[in-house]
Amino acid sequence: MNKKYYFSIVSRMWLLAAMVVFIIPTAFSQEATVNESVNIRLNQIGFYPEGLKTGIILNSKSNAFYIQTLDKKNAFTGKLKKSIKPGLNGYFTDIADFTAYNKPGKYLLYVPGSGYSYPFEIKRSVHRNVAAAGIKAYYFMRASIALKEKYAGKWSRAEGHPDTNVSIHPSAASDKRLSGISISSPGGWYDAGDYNKYVVNSGITTSTLLSLYEDFPAYMKTVKLNIPESGNKIPDVLNEVLWNLRWMLTMQDPNDGGVYHKLTNAAFDKMEMPEKGTEPRYVVQKGTAAALDFAAVMAQASRIFKKFPKELPGLADSCLTQAGKAWEWAIKNPNVAYNQDAMNQKIEPKITTGAYGDRDFSDEFIWAASELCVSTQKPEFLKAVNLLPDTNMPIPTWSQVRLLGYYTLIKNGNSLGVNAPKELPELKKRLLALADNLISGADGTAYKTVMTKSVRHFGWGSNSEAANEGVALIRAYKLSPNKKYLDFALANLDYILGRNGSGYCYVTGYGSKTPMHPHHRPSVADGIVDPIPGLLVGGPNPGMQDMIRVPSIVPDEAYIDDERAYAANEIAINWNAPFAYLANAIEALQSKL
Ligand code: 9MR
Ligand code: 9MR
């Protein structure tokens, strides 16, 4: 028996004894504490007055449910309804629909025999804070800068990884930049629980945040993050993006336009604060995925930052120029995979940090071509790619970025006038078909979400799948305002914030049952009880690649709040970005609910 388990049994026995002595005599009034919330799953932040409001009850013995004020006064009574289909664990749930109740306030959902839910609010802009925190989280992820108390509060910390003295790894050597010479590549965000910086993963992340601004500029101008740049004339989400964008620019070899795959230690740093990580850092091998992701992001950035010529003179132009050079490199080197294992057979020092190794670049080509086409208004870029290689519409991940290109063409393609791609009508049709496909049957699942439709949604970083499905629905909604798309985007946000198989609100610092032990080096090492806030954990993943046993291998229950569990409880920039997009987009669109 392991130590932890033994302790948990002992502490449970104590708890039981304590319950007999203190709780049983006052069982009725204590029901909230005894049963609290275990069997009631809902968005722990809350609901919009006019929006759908759903709670999910497990093992219910009652037919009725009640919405009560915090002092347990009844405000609304409803009837529970069985789910149409069982959950991924084989059991049906009961559904409490209190959409009809719309009075702002703080409430509990009460089900006799099951107890009380965690408290939640009904109010306008109910997700505003958690949505902003999802972006502020990037400030906490910044490399090469001290986080001042004024912005970071109790999580202030020293500067980590200046990255002004980074070696060219032998895999990245060229005539002009020999192995071992030093370059400067400061800034950027740490990738995740680790302290390395990976271009491929930065690509989808930076683009998703840029798109959040591009799709909702008016709302995003109102989101203030209290970061060092706040108060300049640039919206804070873009200020934060610039921290990473400027780093990405340094990852391009000015001699040939190629882009290094990553900036990394040879091996992961220990579980320590960033300033303690002083191992040598390398830029490693140029690759096709890195070049194309870089090209796509820089092309997109150029059209967004063009709107700020006074604040950022020259930036938009250089982004576009660098994008073009990276694209040219990729055209000449269309098939350079980053194969870390193969590289380590031949080259020292061996690199054992995250690989982000992809072998199929057809989606990266589509994405980069689409961004370049829109930003340069030159349709030629699209001629170089097969825009519709098959009928799939894969939800984006770091290794599958085709939809990012489609999103951009659908949003901006018409601006090309007669040069608009002839596939545009088909792309629009496919996006709506994707959305219809996502929502079909979602209502019948035990949690009434798109996310819980399929076990295939539950891999490493499953919460980002939930978020990216939500983003796809928002994109579809912007194209064709079918309210169902918005409702199910909101339902996936509800999923992330507590209406799910583990009962966690998966964003640190938010909700009542929230991760306290993410696999995130600063959160583990800083000696502060509360983890850095606003971080979306990876979420349920029955794969257990980290060898940490999860309490259940039912896919949507396979989550554990354990700092060692990097396959279920790490945090990562590419997971936070679609969460930030979804939550902020929902806030921006709340009047349509
Ligand atoms: O901390 C690392 C995390 O960022 C990665 O996602 C994960 C998988 O590559 O690896 C973690 O590092 C662990 C390493 O792989 C094995 N030794 C223990 C490390 C810290 O838990
Ligand atoms: O998100 C990545 C996931 O898709 C992979 O299956 C996994 C193993 O290769 O790696 C994940 O990315 C990690 C990266 O390699 C290193 N930093 C932490 C990332 C999140 O766990």
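Trainee: Which residues have the most contacts inside the largest nonpolar core?
Mentor: This is a predicted model, so keep that in mind. The largest nonpolar core has 150 residues. F305, W327, I474, I496 and F579 have the most contacts inside it.

Trainee: And which helix gives the most to this core?
Mentor: Helix α8, residues 288-305. It gives 13 residues.

Trainee: What does I474 touch?
Mentor: Beyond residues up to four places away in sequence, I474 touches F216, L486, A489, Y581, L582, A585, I586 and L589.

Trainee: What's in the second, separate core?
Mentor: That one has 16 residues. I40, F65, F76 and L80 are among them.

Trainee: Switching to L238. Buried or exposed?
Mentor: Buried. Its relative accessible area is 0%. L238 is found in helix α7, residues 236-250.

Trainee: What is L238 in contact with?
Mentor: Leaving out neighbours within four places in sequence, L238 is in contact with L210, Y213, I304, F305 and F308. F305 is also one of the residues with the most contacts inside the largest core.

Trainee: How far apart in space are L238 and M220?
Mentor: 9.1 Å, C-alpha to C-alpha. In sequence they are 18 residues apart.

Trainee: Now E587. Which side chain of opposite charge is nearest?
Mentor: R128, at 5.2 Å. E587 has no salt bridge, yet E587 is buried.

Trainee: Where is E587, and what is it in contact with?
Mentor: E587 is found in helix α19, residues 573-588. Apart from neighbours within four places in sequence, E587 is in contact with Y48, S125, V126, H127, R128 and Y219.

Trainee: On to strands. What is the order in the open sheet of 4 strands?
Mentor: β1-β3-β7-β6, with antiparallel pairing. The edge strands are β1 (40-41) and β6 (81-82), and each pairs on one side only.

Trainee: How many bridges join β6 to β7?
Mentor: 2, and the strands run antiparallel. K82 stands opposite D94 in β7.

Trainee: What about β4 and β5, how many bridges there?
Mentor: 5, in the antiparallel sense. Q68 stands opposite N74 in β5. Their hairpin has 4 residues between the strands, and K72 takes a positive phi near 65°.

Trainee: And how many bridges between β4 and β8?
Mentor: 4, again in the antiparallel sense. T69 has Y107 in β8 as its bridge partner.

Technical notes:
Residues are numbered from 1 along each chain as its sequence is written. Chains are lettered from A and ligands numbered from 1 in the order in which they are written. This is a predicted model: local features need pLDDT of at least 70, side-chain atom pairs count only at pLDDT 80 or more; totals for chains, interfaces and linings use all residues. Side-chain values use heavy atoms; hydrogens and water are left out. Buried means under 20% relative accessible area, exposed over 50%, partly exposed in between (1.4 Å probe, protein chains only). Lys and Arg count as positive and Asp and Glu as negative; His and the chain ends are not counted. A salt bridge is a side-chain nitrogen of Lys or Arg within 4 Å of a carboxyl oxygen of Asp or Glu. Contact means heavy atoms within 4.5 Å. Two strands pair if DSSP finds at least two bridges between them. A nonpolar core is a set of buried Ala, Val, Leu, Ile, Met, Phe, Trp, Tyr and Cys residues joined through side-chain atoms within 4.5 Å.
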